[in-house]
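Reader: Please walk me through the strands and the nonpolar cores. Keep it brisk.

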Amino acid sequence: MRPALPLALLLCGALLRADGLSDLKAALKGLPAPSKVKVKVEAESLERESGKDRTERRTTVVEDGSEGMRVLEDSRAAAPAKAKGSNRAPGAAKKGSGEFHGELRPAEGLLEQLEKARLLEEKAEAYEGRPARRLRLAMDLDLDAEARNHIKKADYEATVWIGPDGLPLAMDHRIEVRARVLLLASVWTKIDIRQRFQRAQDRLLVLEEHADVQGSALGKSFSAKETTRCTVL
């Protein structure tokens, strides 16, 4: 019976070393190849600059599967031009693959963002009544050398709630950058992004995202708000 004791100690040590950030990365990497899905993406944006507002609304139906993404419907398109004998608009699959990747395949982008992240705090905290762990992370802005020369302040923190399976339930991004350009001119930007995720069969999807941008440049202020909602059809 004695050999079982060292094995138990090793297992306990491994559990103690595990942390929420490692669990999150492992869960994202462990997602299987996503099955086919069709999603309605509703986006609404408001931009304000120099006292002028510009609003835009768009509804898009996107299909994603082993053959890639393609746009089936788009309220922005006046008259969808389809290729003869095909239900795919010319170039739609290529366009959709880049434009809606973050909503339909967020795991890939999250793993890139978390590559250089550092865990600052972790504690148990329910999210919308569900058991979860809240992680506070220091994120990397990935600025090049030229950009860093102009930066006076750059803060990027994220808070993510993960479920018992390690996958994210929600994530908040808080970014603030102050920079100096053209000798005396200054630029300030603050970005707050709130995301909610959902598990649809074997894939992770963005259920809802709210982005709020504020800033000023060369003495002029600007702001923007954007809301995106995704519904599985």
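Author: Strands (E, at least two residues) and helices (H or I, at least four) are DSSP runs, numbered from the N terminus. Two strands pair if DSSP finds at least two bridges between them. This is a predicted model: local features need pLDDT of at least 70, side-chain atom pairs count only at pLDDT 80 or more, and totals for chains, interfaces and linings use all residues. Residues are numbered from 1 along each chain as its sequence is written, and side-chain values use heavy atoms, with hydrogens and water left out.

Reader: Through how many residues does a hairpin join β2 to β3?

Author: β2 pairs with β3 (residues 68-74) in the antiparallel sense, over six bridges. G65 has G68 in β3 as its bridge partner. The hairpin joins β2 to β3 through two residues.

Reader: Which residue in the turn between β1 and β2 has a positive phi?

Author: β1 (residues 37-49) and β2 (residues 52-65) are antiparallel, with 13 bridges. K38 stands opposite E63 in β2. Two residues lie between the strands of this hairpin, and the one with a phi of about 55 degrees is S50.

Reader: How many residues has the largest nonpolar core?

Author: A nonpolar core is a set of buried Ala, Val, Leu, Ile, Met, Phe, Trp, Tyr and Cys residues joined through side-chain atoms within 4.5 Å. Buried means under 20% relative accessible area (1.4 Å probe, protein chains only). L28, L114 and M171 are among those with the most contacts inside the largest core, which has 22 residues.

Reader: Which residues does L114 touch?

Author: Contact means heavy atoms within 4.5 Å. Residues up to four places away in sequence are not counted. L114 then touches L21, L24, K25, L28, L137, M139 and M171.

How values were computed
Buried < 20%, exposed > 50% of the residue type's maximum accessible area, 1.4 Å probe, protein only.
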